[in-house]
Amino acid sequence: MANRTQVRSNNSALIAMIADEDTIVGFLLAGVGNVDLRRKTNYLLVDSKTTVKQIEDAFKEFTTREDIAIVLISQYVANMIRFAVDSYNQAIPAILEIPSKDHPYDPTQDSVLSRVKHLFSAESVASDRR
């Protein structure tokens, strides 16, 4: 338990988003949006003009910022940078793949879900050996 990762508690932690316009607008209307003093936002709106490099850069930025606790990323966007999402192995910020209006959620492509399944299958094998 000594290796637990802690989110700073002196300020509230943010939720970052990388998604399509409808998803971003919905979360902004719910009050998730933030713009800091340097005019940096906690979201990237992905459309047909957004490059894979821009998505990857935003993902790297959000996963290294100390004020972000969760990164929500539309699954179809995560598929564009699957190599980066799959290689990310930190507990905080947590990466959650979400569906979008035009792209339904596919649990077979979710890297977090596959890691959990692998963890539980390894635990069940270990418990069977006892």
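Asp57 is partly exposed, with a relative accessible area of 35%. The model is predicted.

Q: Why is Asp57 called partly exposed?
A: Its relative accessible area is 35%. Buried means under 20% and exposed means over 50%. The value 35% lies in between, so Asp57 is partly exposed.

Q: What makes Lys53 exposed?
A: The cut-off for exposed is over 50%. Lys53 has a relative accessible area of 55%, so Lys53 is exposed. Lys53 sits on the face of α2 turned away from its buried side, as does Thr64.

Q: How do you know that Lys53 and Asp57 form a salt bridge?
A: A side-chain nitrogen of Lys must lie within 4 Å of a carboxyl oxygen of Asp. Here the N to O distance is 3.2 Å, so the pair counts as a salt bridge. Both residues lie in helix α2, four residues apart, about one turn of the helix.

Q: Why is Glu56 called buried?
A: Glu56 has 17% relative accessibility. Buried means under 20%, so Glu56 qualifies. Beyond its sequence neighbours up to four places away, Glu56 touches Ile81 and Phe83.

Q: What makes Glu56 and Lys60 a salt bridge?
A: Their closest N and O atoms are 3.1 Å apart. The limit is within 4 Å, so this pair passes. Glu56 and Lys60 are four residues apart in helix α2, about one helical turn. Lys60 is partly exposed, at 44% relative accessibility.

Q: How do you know that the buried residues of α2 line one face?
A: The buried residues are Ile55, Glu56, Ala58, Phe59, Phe62 and Thr63. Seen down the axis of α2, they fall within an arc of 160°, so they line one face of the helix. Their cover includes β1, β2, β3, α3, α4 and β4.

Q: Why do Arg82 and Glu97 count as a salt bridge?
A: The closest N and O atoms are 2.7 Å apart. Arg82 lies in helix α4 and Glu97 in strand β4, so the pair ties together parts 15 residues apart in sequence. Arg82 and Glu97 are both buried.

Q: What makes Lys40, Glu61, Arg65 and Asp67 one network?
A: Salt bridges that share partners join them.

Q: Why can Val116 belong to a surface patch?
A: Patch residues need over 30% relative accessible area. Val116 has 34%, so Val116 passes that cut-off. Val116 forms a nonpolar patch with Val112 and Phe120.

Terms used. Residues numbered from 1 in each chain as written. Predicted model: local features only at pLDDT ≥ 70, side-chain atom pairs only at ≥ 80, totals over all residues. Heavy atoms only, no water. Buried < 20%, exposed > 50% of the residue type's maximum accessible area, 1.4 Å probe, protein only. Helix = DSSP H or I, 4+ residues; strand = E, 2+ residues; numbered from the N terminus. Arc of directions from axis to C-beta. Contact = heavy atoms within 4.5 Å. Patch = residues over 30% accessible without salt bridge, like charges linked within 9 Å, V, L, I, M, F, W, Y side chains within 5 Å. Areas by Shrake-Rupley, 256 points an atom, 1.4 Å probe, with all protein chains shown as cover.
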